[in-house]
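Visitor: Hi! Could you walk me through this one while I have it open?
Guide: Happy to, let's bring it up.

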Amino acid sequence: SAVNAFDVNAFAQQLQESGAGYFIFSISHAQQFFPFPSAKLDSILPGRTCARDLPNDLYNAIAPKGIKMMFYGDKLAGWWVDNSYDSPPTYSDFGAGRGARYDFTTYATKLREGNPNRLVTFNFSYLGWNSTLGLGNVDYQAGEENTIGRLPSSRFSGEGNSQWQILTWMDEFWVHDRPGTPTPRYSDAEVTNYIRNIMDKEGVFTYNAAPYQDTLISSATMNQLRAVNSAVHNRKVDDASTDLVYSGGWGTVAGANYANGTGHYSQGAASQVQYNFSGTGIKWYGVVGGDQGR
């Protein structure tokens, strides 16, 4: 019923408003029920699949918005494979033998079939950020973490010199499993500043939102995603910011008509201002008038 009722178009709109560049969708967890049809799975575990192909419907809804999907067939941009830490004798322990029963080279090769550019990672648990098992097989670090705080030293400082990435939860502990509507546990400013620090080192941040059958991503969580999207992707820097370096003779002016009450001006052709940033362009907001030059 949940699969049949899932409104993919509404969800795609939420993703677009959040500013997401990619979407990781859990196709199963723990109990092994799947939101798509599969004759092969039905022959092994009867009653675990659905008539609707939800991942395919999700792809068709989000792809036109330029958002990559981490899951599906030749449309799949990447895999995030959980529980790669299983170790004998119970195959459920965190320990020195984590992942010992897996051939990760073969596993990664199979996951890339149909799309050699598909990104693959294996999660060796939040205790296994420095595991060597993924060497040569992972494209990015799984990065499971219960808090924010870890930062990359460079883009390829992830496990096995892979793309650095962190994945943590924003409103509910990984899944929504109780009544009520949780709110984001960090402030907009905390998340924004954290993401900026990651982006400065070319790392990647993934934020886990608890799913709801009726409203999908909750309103409180969506409000934070919209705010962070705006702050991160549409960052405005005031003329008084210490990020700006002036040279060549600039003056300042104060007044209610200026952003934050101040402005900078110069009447010298050699005056310059320098601002270092990561991105593809910048937009200048200034005073308009016949005596203002360009």
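Guide: A word on terms before we start: helices and strands here are DSSP runs, numbered from the N terminus. Keep in mind too that this is a predicted model.

Visitor: Thanks. So where does Ala10 sit?
Guide: Ala10 is in helix 2.

Visitor: And is Ala10 buried, exposed or partly exposed?
Guide: Its relative accessibility is 32%, so Ala10 counts as partly exposed.

Visitor: How far apart are Ala10 and Leu216, in sequence and in space?
Guide: They are separated by 206 residues in sequence, while their C-alpha atoms lie 8.4 Å apart.

Visitor: Let's zoom out. How many helices and strands does the protein have?
Guide: There are seven helices and 10 strands. The C-alpha trace spans about 80 × 40 × 35 Å along its principal axes, and 37% of the 294 residues count as buried.

Visitor: Now helix 7. What span should it have, and what does the model give?
Guide: Helix 7 covers residues 219-233, and at 1.5 Å a residue its 15 residues should span 21 Å. The end C-alpha atoms are 21 Å apart, which agrees.

Visitor: Which of the residues in helix 7 are buried?
Guide: Those are Thr221, Met222, Gln224, Leu225, Val228, Asn229 and Val232. Looking down the axis of helix 7, they fall within an arc of 160°, so they line one face of the helix.

Visitor: What do they pack against?
Guide: The buried residues of helix 7 pack against helix 2 (8-18), helix 6 (188-200) and strand 6 (204-208).

Visitor: Back to helix 2, then. At what angle do helix 2 and helix 7 pack?
Guide: The angle is about 40°, and their axes are 7 Å apart. That makes helix 2 oblique to helix 7.

Visitor: Which residues make the contact?
Guide: Helix 2 contributes Gln14, Glu17 and Ser18, and helix 7 contributes Met222, Leu225, Arg226 and Asn229. By class, this contact of helix 2 with helix 7 has two nonpolar, three polar and two charged residues.

Visitor: Switching to backbone angles: what is the phi of Asn161?
Guide: Asn161 has a positive phi of about 60°, though it is not a glycine. Most residues other than glycine have a negative phi.

Visitor: Where is Asn161, by the way?
Guide: Asn161 is in the loop between strand 4 (119-122) and strand 5 (165-169). With 62% relative accessibility, Asn161 counts as exposed.

Visitor: And what about the phi of Asn260?
Guide: Asn260 has a positive phi too, near 55°. Asn260 lies in the loop between strand 8 (251-254) and strand 9 (262-265), and at 69% relative accessibility Asn260 counts as exposed.

Note on methods: Residues numbered from 1 in each chain as written. Predicted model: local features only at pLDDT ≥ 70, side-chain atom pairs only at ≥ 80, totals over all residues. Heavy atoms only, no water. Helix = DSSP H or I, 4+ residues; strand = E, 2+ residues; numbered from the N terminus. Expected span 1.5 Å × (residues − 1). Buried < 20%, exposed > 50% of the residue type's maximum accessible area, 1.4 Å probe, protein only. Arc of directions from axis to C-beta. Contact = heavy atoms within 4.5 Å. Axes fitted to C-alpha atoms, helices over the stretch in contact; angles between N-to-C directions. Parallel < 35°, antiparallel > 145°, perpendicular 65-115°, else oblique. Nonpolar A, V, L, I, M, F, W, Y, C, P; charged D, E, K, R; others polar.
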